[in-house]
Every structure is written in structure tokens, then in C-alpha cells.
Amino acid sequence: MPGKLITFEGCEGSGKSTQSNNLYNYLKRRGLPVIHIREPGGTKIGEQIRQILLNPQNKTMTPLCETLLYMAARRELVESAIEPALKQHKIVICDRFLDSTRVYQGYGLGVAMKLIEDVGRLATKGIEPDLTVFLGLPVEIGFKRVGSVKDRIEQRSKAYHRRVRKGYLNLAKRFPSRIKIIKVDNDKNKTQEKIRKLVEGLCLSGR
Ligand code: TMP
């Protein structure tokens, strides 16, 4: 059974890390070889880049600097964790991947999509997710779920985050067989059930 890359995407407060963590524990309990990582981060250097990116004091960072830092952290993660795990036929669950750059820096900040695709291919070594779970939730509801201490990206305006959400919806149309929209339910378990159904077909048959 070849390795599989499952990515989680969503706007602020969509519950990505809770849901991806639940999925990780579920697959692990079933005895499957699975790892769970996040972007930006997941490596020693990536976590340091994350600090720079999310630090609210870095107000003057240019959109291109921001884009390239996310890409640098991604390349580090791909080389040191994602690619080796896939070669070992593992299931890789990753919170965020290139789609986040497409929407947060592309749709959100207006960075050219061609540049994102070109540098993105370098950063990911051309690895694409087998499945992307997009947790869909209106921006206003997500905002209420974010705590009062906001990072540099969370501090951006609602208009910015609406562009991000619109970007995700456009991407879901562009990649309909890969990106699946899961409507976030008030009941976390119900959301998880929907995710597990998607993953069953992809990862569990034949293992
Ligand atoms: P999170 O781990 O809480 O989702 O925080 C990561 C933040 O970084 C989140 O606000 C989304 C943002 N982000 C981008 O803007 N571009 C990217 O490429 C990635 C991976 C994340």
C-alpha cells in the first residue's frame, strides 16, 4: 500500500488541529503507520521560522518575504519528514500545506499565483496531497473561537480572512477530486465521523 498524504486546511478557528489529532489517534489505534505534523513547523528549523512568521512584532514583513518563509519551512518539512514517511508507506497527516499559501498569501495578500505555483513545486518537490480536508466555517464564527491573544496572521482584518475563505472555496472548485469540504458541525464528533468516512476509502481498504 503506497503512502498517503492527507492535509487539513481551514480558516482561523475551524478546529483543524483537534480534528486532525483525532484522526491521527483513530488511525494509530487501528494499528496503521501514521505520523502527524503541522505547517509551518514540524522540524527544528521550521518551528523557528514559525516563530518569525507568527510574531505580531514583525509588522513590516513584506508579502514576498512571508511567502518565501512559509515555503522554506515547507521544503524543510518535506525533505526531513514527509518524503521519507511516504517512502516508508506511511500515512502522513499534515495541518496545512501549499493550499494555505495559495489562499493566505495569494488570495489574501495578492502574491502572484504563478510565483506561488513555481516556488511551491520546489518546496514540495512536486508532492501533492492525496486528500485535503477543508473545514468549512463562516469567518465570523471562526473568529469567535480564536482566543484573545492573536498571532500576526490572526490579527489581520475580517476582509482579509474573507478573501482567504473565498480562496479556499475557489480551490475546492479547481481541485474537486482532492479537496473535500467538510462543514464544521457544532458537535466535534459528528465532524470527525464525516472525516473518517472520507479517509476510510482512501487509506483503509486493502491495508
Ligand atoms: P495555525 O497553525 O494556527 O494554523 O497557524 C498558522 C498560521 O499561518 C495560520 O494563520 C495560517 C498561516 N499560514 C499562511 O499564511 N500561509 C501558509 O502557507 C501556511 C502554511 C500558514
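This is a predicted model: local features need pLDDT of at least 70, side-chain atom pairs count only at pLDDT 80 or more; totals for chains, interfaces and linings use all residues.

Visitor: By class, how many charged residues has the lining of the largest pocket?

Guide: The largest pocket holds about 530 Å³ of space, and 25 residues line it. Among those nearest its centre are Glu12, Lys16 and Arg50, and Glu, Lys and Arg count as charged. Over the lining of this pocket, seven residues are nonpolar and seven are polar, while the charged ones number eleven.

Visitor: Which element gives the most to the lining of the largest pocket?

Guide: The elements that give two or more residues to this lining are α1 (16-29), α2 (44-54), α3 and α4 (98-107). The one that gives the most, with four residues, is α4.

Visitor: Which element supplies the largest share of the lining of the second largest pocket?

Guide: The second largest pocket has a volume of about 170 Å³, and its lining is made up of 14 residues. The largest share, four residues, is supplied by α5.

Visitor: Which strands are the edge strands of the sheet?

Guide: The open sheet has five parallel-paired strands, in the order β2-β3-β1-β4-β5. An edge strand here pairs on one side only, and the strands that do so are β2 (34-38) and β5 (179-183).

How values were computed: Residues are numbered from 1 along each chain as its sequence is written. Side-chain values use heavy atoms; hydrogens and water are left out. Two strands pair if DSSP finds at least two bridges between them. On a 1 Å grid over the protein atoms alone, a cavity is a set of points where a 1.4 Å probe fits but cannot get out, and a pocket is an open set with protein on both sides within 12 Å along at least five of seven lines; lining residues have an atom within 4 Å of a point. Grid points are joined across faces, edges and corners, and a volume is the space filled by probe spheres set on the points.
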